[in-house]
Amino acid sequence: MGAPLTVQGLSIVAGNSTLVDNLSFSVQPGEVLALIGESGSGKTTTALALMGYARSGCRISAGRVKIGETDVLALDAARQRSLRGRTVSYIAQSAAASFNPSRTIMDQVVEPTVIHGLCKRAEAEAKAVQLFRELALPDPDNIGSRYPHQVSGGQLQRLMAAMALIGDPDLVILDEPTTALDVTTQIEVLRAFRRVVRERRATAVYVSHDLAVVAQMADHILVLRNGKMSELNATEQILSAPVDDYTKCLLAAARPAVRASGQASGDSALLLEVKELSCGYGPVDAKGQPAKLILQDINLKLYRGQAIGVIGESGSGKTTLARAVAGLLKPCHGSVTFDGHALKPTLQQRSPEELRRIQIVFQMADTALNPSQTIWRILARPLQFYKGLRGEPLKQRIYELLDLVKLPRTVADRLPGGLSGGQKQRVNLARALAAEPDLILCDEVTSALDTVVAAAVLDLMAELRRELGVSYLFISHDLHTVRSVCDEIVVMQHGRKLSQVARADYDRGPHHPYYQLLARSVPELRRGWLDDMDHAAKTAAAAHPTREIHA
Amino acid sequence: METSTSPTVVSAAALLAPAPQERRRPLRWLAGFGPTGLLGLAVLLFWLLAALLGPWLLSHSAAGTGTSNVFAPISAKHWLGTDYLGRDMLALVVEGARYTIGVALFATLLASGTGITLALLAAASGRWIDAVLSRGLDTLTAIPSKMFALIMVAGFGSSVPMLVVTAGIIYVPGAYRMARSLAVNINALDYVTVARTRGEGTLYIMLREILPNILGPMLADLGLRFVYVVLLLASLSFLGLGIQPPAADWGSLVRENIGALAMGGASVIVPALAIASLTIAVNLVIDNLPGRAARERGVR
């Protein structure tokens with residue numbers, strides 16, 4: 001069913017810079033090729049070029065793209081349009097943003113057949129229901145009459161796959177289709193995608209930054225770096241014996257090493273104690289209970305120099321916990337004790353000294369740094385505010401901080417817009433360190449970063465902990481990350497703490513079933529992991545029949 | 001950045017180094033405008049000079065001196081023709097520039113300045129201040145602007161400061177709404193939260209964290225508001241509530257000479273062109289303010 005894809009000498013330029021440089025590869029019918037690389041390496045640009053499309057400002061300057069016998073780039077605009085959605089189809093990263101919220105799912109799924117006039121509406125709908133069934137969607141007969149906001153993110157992603165496959169395309173392009181999903185949802189979606197791709201023998205190009213995911217899906221892997229091909233080889237070959245240095249680097253980053261903690265947890269003083277903490281949003285009723293309770297009865301102890309990971313799916317209340325500790329949200333019940341003193345519930349009531357000792361680092365470095373302030377001013381402010389530094393000592397301290405987070409001193413005069421994601425996250429950390437805090441609340445600090453960059457930031461954080469003795473409350477949805485940095489893991493679901501696992505017990509059971517589910521759902525960097533998971537799938541589904549609804 | 005030189009050398013270098021940089025900076029700043037921005041800047045400068053120096057350059061005031069030569073075409077004696085009373089159009093337009101630019105500019109600055117300040121206060125402080133300010137200014141929106149101007153003029157008489165204040169008050173709610181919606185979005189961003197957890201005061205958050213990030217759109221809004229004020233001023237003059245004859249702003253010049261439109265007389269076209277050129281120039285300058293493109297590139 002799939003057609004062979006051949007790409008020869010593809011080059012894409014934007015102004016004077018070359019985004020994709022002389023790329024050549026081919027995919028046999030029914031095979032899956034993965035494009036992998038860090039952000040900005042030209043993965044998506046290449047994938048879009050396979051449909052003859054270049055984003056505004058970009059231009060396909062040279063090369064040939066052949067799908068079957070069709071030379072895509074030689075076609076005029078109208079013929080390219082008739083090709084898209086029919087011969088080539090595209091599954092985007094964020095399905096939530098790709099669906100029109102005001103039309104039913106069925107209307108949108110059959111749209112490619114309507115636009116290209118492939119078949120009658122009734123036929124198309126029957127085919128769509130068949131696809132829903134193949135993609136293991138719940139209630140395949142009726143899900144089409146729902147609206148996009150009435151299904152979960154993972155289901156939407158699969159519905160988008162149905163939309164892409166309904167025209168029986170020769171080539172399917174999957175652009176980071178599971179990146180925005182929780183691990184437990186991701187595994188469902190991956191499983192559905194792989195089965196459909198295998199059964200239909202479609203040719204597919206899978207764009208991702210996650211080697212472990214790609215290992216489950218792809219026959220061949222193409223490693224891209226700065227628009228150039230670093231390595232193209234069979235998946236087994238890449239995983240077991242990478243040739244290129246950059247591929248080795250990617251592989252190393254995907255297998256997170258445990259970072260030494262430096263200090264043992266038991267012998268140091270109690271720093272933070274959270275007791276029976278509950279909080280929520282919305283109006284408060286007569287009994288002091290808010291309308292929507294997010295956190296319920298959380299207990300937590302953190303010793304000086306310790307790092308505790310908080311893990312859970314989106315909506316489990318992880319971030320709310322950090323906000324309550326930071327004083328951004330007033331708890332409705334319970335107490336937070338910091339270094340022997342009870343912390344007041346709101347920011348206004350806390351003293352500057354208390355505020356200084358707890359700093360928060362946010363997930364999105366883009367929104368955490370004021371775009372109109374230079375790095376110098378961003379770092380100088382906490383120093384001036386807490387310590388009243390000025391003149392030469394201020395300058396020295398800023399340079400020390402930049403050295404500490406391994407940034408060149410020249411960035412001080414730049415604005416955040418001129419820094420890369422990893423650099424911004426380092427500035428973000430440096431700002432928190434400027435206050436010389438005892439506790440840093442890290443909210444998904446590496447989630448928005450590429451694997452290699454994230455690994456470097458994690459290394460830095462572990463190093464800072466060893467040298468400065470700061471403690472972390474490390475919030476993440478990624479079990480790998482948490483395991484590599486933290487001494488203990490707190491597992492949260494629906495606003496409750498389910499269990500707490502110490503480092504020594506990470507790999508020893510038995511644990512809470514939800515922790516085990518999370519641990520199992522993290523893709524492993526080997527082929528056949530997903531096949532192994534399929535055997536366990538039935539038991540997992542039986543243990544959590546309601547999970548899909550909450551996801 | 002780190003220098004191992006002795007302090008005297010450093011201070012000497014510090015004295016010497018900034019000087020050429022300071023001299024080059026205005027030019028570089030001007031180059032940042034780009035061709036269209038520079039065009040707007042030139043037109044704006046021309047009208048500002050006309051408003052400031054014009055009456056002094058023209059030997060006689062035209063307002064009082066009518067001739068029988070009504071709606072005269074462009075000639076050597078009357079460069080821009082004459083109006084419906086036979087007065088020299090050039091002198092009238094130059095004198096009108098003072099009223100139009102003066103009143104419109106100050107009223108706009110007053111409206112946007114007050115609006116932005118209140119909006120920042122509303123966004124950065126608590127729910128109650130926000131609610132009181134928002135509902136209070138909503139009430140102001142409910143009063144028709146012309147009616148409000150009528151009441152103000154009836155109550156306090158018509159004078160230039162009066163007109164500035166009236167136009168200012170009328171356009172505060174619009175500027176406030178605009179600025180508040182922008183500021184509320186900025187206020188929800190992480191860097192403002194970080195500033196709050198640091199223990200920063202409301203004033204710092206208003207001026208340092210929020211204001212620089214809403215300035216771009218608010219300047220665009222200021223340009224638009226300027227146009228509205230010019231139009232309001234013209235319509236007030238039409239009702240006889242604006243600038244009082246024999247003095248005339250550009251809006252009233254257009255209205256007074258509307259009779260010349262059928263003949264294609266310069267006396268109606270020139271003040272209309274003046275209004276158009278001024279408003280377009282203001283918007284060109286604001287749209288091309290240097291620093292915007294640079295900020296997107298991430299350099300200073």
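This is a predicted model: local features need pLDDT of at least 70, side-chain atom pairs count only at pLDDT 80 or more; totals for chains, interfaces and linings use all residues.

Trainee: Okay, cores. How many residues does the largest nonpolar core have?
Mentor: It has 157 residues. Those with the most contacts inside it are L441(A), L473(A), F474(A) and I210(B).

Trainee: Which helix gives the largest share of this core?
Mentor: Helix α4 of chain B, residues 89–124. That helix supplies 19 residues.

Trainee: And what does L441(A) touch?
Mentor: Leaving out residues up to four places away in sequence, L441(A) touches A322(A), V325(A), A326(A), I358(A), I360(A), V361(A) and L473(A). There is also a second, separate core of 79 residues. L10(A), L23(A), V151(A) and L156(A) are among its members.

Trainee: Switching to strands. Which strand pairs with β11 of chain A?
Mentor: Strand β14 of chain A, residues 333–338. β11(A) covers residues 270–284, and the two pair in the antiparallel sense over five bridges.

Trainee: What joins β14(A) to β15 of chain A?
Mentor: Two bridges, and those strands run antiparallel. β15(A) is residues 341–342. Look for T337(A), which stands opposite A342(A).

Trainee: How many residues sit between β14(A) and β15(A) in the hairpin?
Mentor: Two. In that turn, D339(A) has a positive phi of about 50°.

Trainee: Where does the kink lie in α9(B)?
Mentor: At L211(B), shortly before the proline P212(B). The kink is about 55°. Then, just after α9(B), G240(B) takes a positive phi of about 80°.

Trainee: Last topic, the two chains. How many residues of each are in contact?
Mentor: 19 residues of chain B are in contact with 25 residues of chain A.

Trainee: Which helices of chain B supply at least two residues each on that side?
Mentor: α8 (190–198), α9 and α12 (292–297). The largest share comes from α8(B), with seven residues.

Trainee: And how do the residues on chain B's side divide by type?
Mentor: Six are nonpolar, five polar and eight charged.

Note on methods:
Residues are numbered from 1 along each chain as its sequence is written. Chains are lettered from A and ligands numbered from 1 in the order in which they are written. A nonpolar core is a set of buried Ala, Val, Leu, Ile, Met, Phe, Trp, Tyr and Cys residues joined through C-beta atoms within 7 Å. A residue is buried if 20 or more other C-beta atoms lie within 10 Å of its own, exposed if 12 or fewer, and partly exposed in between; C-beta atoms are placed from the backbone. Helices (H or I, at least four residues) and strands (E, at least two) are DSSP runs, numbered from the N terminus. Two residues are in contact if their C-beta atoms, placed from the backbone, lie within 7 Å. Two strands pair if DSSP finds at least two bridges between them. The bend at a residue is the angle between axes fitted to the seven residues ending there and the seven starting there. Ala, Val, Leu, Ile, Met, Phe, Trp, Tyr, Cys and Pro count as nonpolar, Asp, Glu, Lys and Arg as charged, and the others, Gly among them, as polar.
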